[in-house]
Amino acid sequence: MAVTAGGLAIFTVEAEGGRLGACANAECVRVFVDTSRNGRRAYCSARCGNADAVRRHRARKSH
């Protein structure tokens, strides 16, 4: 765990915090390191992204 924490600290300093994000899924409280090429990742995982898309789809269908 110490190696992981050290690596995360170095990454955070080098990226100036610009690659840290909070999951866009309202039901998720996770934060993540954005490792995408363009730095526009919105969800902590594909599962969270899919769950949010299903929730939004069902909300549109019910109205």
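1. Helices (H or I, at least four residues) and strands (E, at least two) are DSSP runs, numbered from the N terminus. With that in hand, the protein has 2 helices and 2 strands, and their order along the sequence is α-β-β-α.

2. A note on the source. This is a predicted model, in which local features need pLDDT of at least 70 and side-chain atom pairs count only at pLDDT 80 or more, while totals for chains, interfaces and linings use all residues. Residues are numbered from 1 along each chain as its sequence is written, and side-chain values use heavy atoms, with hydrogens and water left out.

3. Overall shape. The radius of gyration of the protein is 15 Å, whereas a compact globule of 63 residues would have one near 11 Å. The radius is taken over C-alpha atoms, and the globule rule is 2.2 Å times the number of residues to the power 0.38. The C-alpha trace spans about 50 × 25 × 15 Å along its principal axes. Lys61 and Thr4 are 57 residues apart along the chain, and their C-alpha atoms are separated by 43 Å.

4. Surface and burial. Buried means under 20% relative accessible area, exposed over 50%, and partly exposed in between (1.4 Å probe, protein chains only). By this rule, 16% of the 63 residues count as buried. The accessible surface comes to about 5,200 Å², and 57% of it belongs to carbon and sulfur atoms. These areas come from the Shrake-Rupley method with a 1.4 Å probe; for residues, only the protein chains shown count as cover.

5. Contacts along the chain. Contact means heavy atoms within 4.5 Å. Of the contacts between residues at least 6 apart in sequence, 12% join residues at least 24 apart.

6. The cysteines. How many disulfides does the structure hold? There are 0 disulfides, a disulfide being a pair of cysteine sulfur atoms within 2.5 Å. Cys44 is in no disulfide, and the nearest cysteine sulfur, that of Cys48, is 3.7 Å away. For Cys48, the closest cysteine sulfur is in Cys28, at 3.7 Å, which is too far for a bond. Cys44 counts as buried because its relative accessibility is 14%, and Cys48 counts as buried at 10%.

7. Helix 2. Asp52 sits in helix 2 (residues 46-62). Is Asp52 buried or exposed? Asp52 counts as buried, because its relative accessibility is 3%. Apart from its neighbours within four places in sequence, Asp52 is in contact with Ala24, Asn25 and Tyr43. Lys61 is also found in helix 2, but Lys61 is exposed, with a relative accessible area of 63%.

8. The loop between the strands. Arg30 lies in the loop between strand 1 (20-22) and strand 2 (31-33), and Glu27 is found in that loop too. Arg30 counts as exposed at 53% relative accessibility, and Glu27 counts as exposed at 69%. Which residues does Arg30 contact, leaving aside its neighbours within four places in sequence? They are Gly21, Ala22, Cys23 and Cys44. Arg30 and Cys44 are 14 residues apart in sequence, with 6.7 Å between their C-alpha atoms. Glu27 and Ala51 are 24 residues apart in sequence and 9.5 Å apart in space, C-alpha to C-alpha.
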